[in-house]
Amino acid sequence: MGEFPAGGNPAGPSALPGRRSLLLAAAGLTAAGLAACAQQPDATPAARPDQASTPVVEPAGHHPVVPETRPVPPSKSQIVAEFSGRKPVEWGLGVAGVVTKTASTHAVLTFDACGGPRGTECDHRLLKTLRRLNVPATLFVNGRWIKANPGLAAELAADPLFELANHGFRHQPLSVSGRSAYGIAGTSNVGEVYDEIMGNQDVMEQLFGKAPRFFRAGTAYYDDVAAAITHAVGLVPVNFTVNGDGGATFPAPVVASEVGKIGAGQIVISHFNQPAGGTAEGYERALPRLVDRGVTFARLGDTLPL
Ligand SMILES: [Zn+2]
């Protein structure tokens, strides 16, 4: 359970939504769940200044100097104006626009830290294993987890083995119409989608001095309009090809079995905020075998061109 059929591309742009849903259901993904992700959101992002009018630095008597930074994302009001009339046609884990695999020869391990009442711990055993085997990974961190673990988050951000990515501010399913997943209400409009993405983006950029390139919604659910909004604000929405730990609910042998199947181009989702689960032990079993088999690993940013 948890892996798409061999050769299948359920989330590819050419796949029909109905076909995709059937494949996801067949793979157990809609029911297996991402339980560690299924936690209620809290808090509200701070108001973000409208960046549309970010001034260019212009010393007196000189031509304007444009700071060498990434492009300024559209403002909330611009996003609301552009997307508010659009009706979503898809809802799920593999909607149009969400990346679920790469063209790389490497496999990509992604681990989420969801935050919230039962989600703010850190699986140090898992991180230790990754470091011992020198296996890189992309870590999707939620704003609530960062708030509970600021020192640890900074340490992970400074470790070149890892790449930090954005797992949302309040850990909400990303919907423009209030759809829910696992009983958790999603964002209810375009403005809330913007806040869910950019609230945590601002936190991460300010704390770590680097803006994440990748986003994964809380519960991993999106509609296609929300996925398009994610692209519009400069991030790539990412899900997965292989569900490695079923929301940190799989026992270690199942984690080892699922992760043990992975190969080039696949993106694996697991969690590093549930140390009581079987995730760390499962990876301890699977990773040495994968390395022996010649499977290589890279961070998402090393496999997806800018
Ligand atoms: Zn999560």
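Student: What makes the crossing of H4 and H10 left-handed in this predicted model?

Tutor: The crossing counts as left-handed because the near helix is turned anticlockwise from the far one by less than a right angle. The axes of H4 (residues 124-132) and H10 (residues 279-293) cross at roughly 20 degrees.

Student: And why is H4 called roughly parallel to H10?

Tutor: Set the angle against the cut-off: the axes cross at roughly 20 degrees, and angles under 35 degrees count as roughly parallel. So H4 is roughly parallel to H10. The two axes also come within 8 Å.

Student: Which residues in H4 and H10 meet?

Tutor: From H4, you've got Arg125, Leu126, Thr129 and Leu130. On the H10 side they meet Thr279, Ala280, Glu281, Tyr283, Glu284 and Leu287. By class, that contact has five nonpolar, two polar and three charged residues.

Student: Moving on, what is the volume of the second largest pocket, and which residues are closest to its centre?

Tutor: The volume is about 320 Å³. Of the 17 lining residues, Glu163, Leu164, Lys210, Ala211 and Pro212 are the closest to the centre.

Student: Which elements give two or more residues to that lining?

Tutor: Helix H6 (150-158), strand S4 (162-166), helix H7 (190-208) and helix H11 (300-303). S4 has the largest share, with three residues.

Student: How does the lining divide by class?

Tutor: Ten nonpolar, one polar and six charged residues.

Notes: Residues are numbered from 1 along each chain as its sequence is written. This is a predicted model: local features need pLDDT of at least 70, side-chain atom pairs count only at pLDDT 80 or more; totals for chains, interfaces and linings use all residues. Side-chain values use heavy atoms; hydrogens and water are left out. Axes are lines fitted to C-alpha atoms, for helices over the stretch in contact, and angles run from 0 to 180 degrees between N-to-C directions. Helices (H or I, at least four residues) and strands (E, at least two) are DSSP runs, numbered from the N terminus. Angles under 35 degrees count as roughly parallel, over 145 as roughly antiparallel, 65 to 115 as roughly perpendicular and the rest as oblique. Contact means heavy atoms within 4.5 Å. Ala, Val, Leu, Ile, Met, Phe, Trp, Tyr, Cys and Pro count as nonpolar, Asp, Glu, Lys and Arg as charged, and the others, Gly among them, as polar. On a 1 Å grid over the protein atoms alone, a cavity is a set of points where a 1.4 Å probe fits but cannot get out, and a pocket is an open set with protein on both sides within 12 Å along at least five of seven lines; lining residues have an atom within 4 Å of a point. Grid points are joined across faces, edges and corners, and a volume is the space filled by probe spheres set on the points.
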